[in-house]
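Dear colleague,

Please find below the structure that I am handing over to you. My notes on it follow directly after.

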Amino acid sequence: MKEQLAQLLTDAVARLQASDALPADLAPNVMVERTRDRAHGDFASNLALTLAKPARAKPRDIAEQLVSALDTGGTVEKVEIAGPGFINFFLGPTAWHGVIADIAQAGADYGRSQLGAGQRVQVEFVSANPTGPLHVGHGRGAAYGAAVADLLAAIGYDVHREYYVNDAGRQMDILAASVYLRYLDLCGVELSFPANGYQGDYVWDIGATVHREHGERLQHPVAEVFAGVPPDEPAGGDKEAHIDGVIARIRDLLGADDYRLVFDAGLTAILHNIRQDLKEFGVEYDEWFSERALTDSSAVEVAIERLKASGHTYEDNGALWFRATDYGDEKDRVIVRDNGQTTYFASDIAYHANKLERGYDRVIDVWGADHHGYVPRVKAALTALGDDPERLDVLLVQFAVLYRGGVKVQMSTRSGEFVTLRELRREVGNDAARYFYVMRKCEQHMDFDLDLARSQSNDNPVYYVQYAHARVISVFRQLEEKGYRRDSAEGLAQLTRLTEDHEQELMINLSRYPEIVEAAAINHEPHQLPHYLRELANDFHTYYNAHTFIVEDSALRNARLELIDATRQVIANGLGLLGVSAPESM
RNA sequence: GCGCCCGUAGCUCAGCUGGAUAGAGUACCGGCUUCCGAAGCCGGGUGUCACAGGUUCGAAUCCUGUCGGGCGCGCCA
């Protein structure tokens, strides 16, 4: 509809140019938008305002000319000039009838399009270190990333969902050491647990598994484990140096194979937990990409060599640096430490180079906002490698702060005091969690009100929308109980009977759905969907209260049934994109 | 100190990429069911769009500065 009106205006401009009423060198950018206020019609264009300057004429005069040159007809009932020079289009009552048939025909596909057809896009999200269970911060990234991916898929993109598994590196070694020390404890050994170790209960569980499977075979005297290790923080030392010392000792004592065994016990247990958690949350991946695999395949070395070859590295203090400042980063970055170990950044360069090599047209990273400082260096590295950093979009998701009983819930990962995603899901349910997480745009700090999400009341927006869906189903149940049968053919043929304002309003909003999906997808703004669905549900509830659907008059009854079933379909489709269920009864 | 994000109704937030009189929910008050689910609907008012400049036909939206809040500035990941 928008396109049709824009075409009418474009034609009008051409006609005026042909008769020299407008300069021939105008390059009009014809915009037609939905009006905010129905008093301004259904659609409006600001064309006359934008042409005023280049055409050196008053906006209203141009609008007059445009309207007189306009070849209207069909569904356009009336055209008005208003305000400073807006051209307002009023459509006739039948203009929206097509929407009902479209929805009936497309069903679950209504709202989908082929806008991104032929384009491959990768969305990487969550990618939390497998050193502990997912917490509520990860939950937002999961819900947001999944929604962005699903939206892009809905408009035709070929979407690849990926989780980057940091299964290498120091944090994982700390986990392995933590598991081993808990294992020793379960062997009956007294020891003081490092301040920098992972303290969560899940580490005990993994230690217990190791103990169950291997008995006391892996045990070493505690004195040997801590032999020569620098003092821990509580003892006046450095907790980082302490844990590194412990890791080195454990590695030596266990040997490569047994160390790997303990390491993998931690990794697989936690990764399994994460996968399970996400799956239950309705978040599925196409690929779990292993950092270790990247290292093993020497991709990291290759990337480092490529950087060296590009001439953007130098050695200093025994370390290899990437000259990130050449490409706008604040400072240069170490990629190989003086001890010969590559940094996390080195892996990340290789990983991102790998992503681009895989040929995606666009690569999207969803990161926690605390990593924002990391964006320039990754883009700098890609530029230095000769890749196009514009192909990478980094979407930063701000933190979610939980409130329970009006009080902020405090969290700290390392000490193990945090609310896990699993606990959150158990408390408020998957539907409320998915919905609440994407209600805000990603750059907004979010206050997550647990009490509200949990409440089964009209305060809760999730229930409000779901209720509208269940209510439609309920009407159809009633229909049968009253001995009627739905006749879609008659309903679609009798749409002219839908003359009420509420019906008109509902149809208009149903027709907006594909535009909402498109805008939400392209702008990576899933929050548009819950806002739209809330409005749509409101239109429905209002209609429901104002008019009876199951009436004697079969033409009117069937027409109304088509309208409400179309509404049900759109709500189901919208909730589906958010990973929220559309219940038949509540 | 430098960088990124945010500042809109008492509270939580939208505001369709620069358009018309800035909107929802919530809270508060009042009304609506012999009838398809009241988990619903209707009515009632609230704004120095943080502040100050600038850009133009037109700014909550863009640019600059100030103030306030969050986050980040490791040979950690």
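Strand β9 (residues 319–322) is joined to β10 by three bridges, and the two run antiparallel. Strands here are DSSP runs of E with at least two residues, and helices are runs of H or I with at least four, numbered from the N terminus; two strands pair if DSSP finds at least two bridges between them. Opposite Trp321 stands Val334 in β10.

The model is predicted: local features need pLDDT of at least 70 and side-chain atom pairs count only at pLDDT 80 or more, while totals for chains, interfaces and linings use all residues. Residues are numbered from 1 along each chain as its sequence is written, chains are lettered from A and ligands numbered from 1 in the order in which they are written, and side-chain values use heavy atoms, without hydrogens and water.

An open, antiparallel sheet is formed by three strands in the order β8-β9-β10. Because β8 (313–316) and β10 (333–336) are at the edges with a single partner strand each, one side of each has no neighbour in the sheet.

Helix α5 (residues 136–154) has 19 residues and spans 27 Å from first to last C-alpha, close to the 27 Å expected (1.5 Å times one less than the number of residues). Of these 19 residues, 15 are buried (under 20% relative accessible area, with a 1.4 Å probe and protein chains only). Just after α5, Gly156 has a positive phi of about 100°.

Yours sincerely

Technical notes: Buried < 20%, exposed > 50% of the residue type's maximum accessible area, 1.4 Å probe, protein only.
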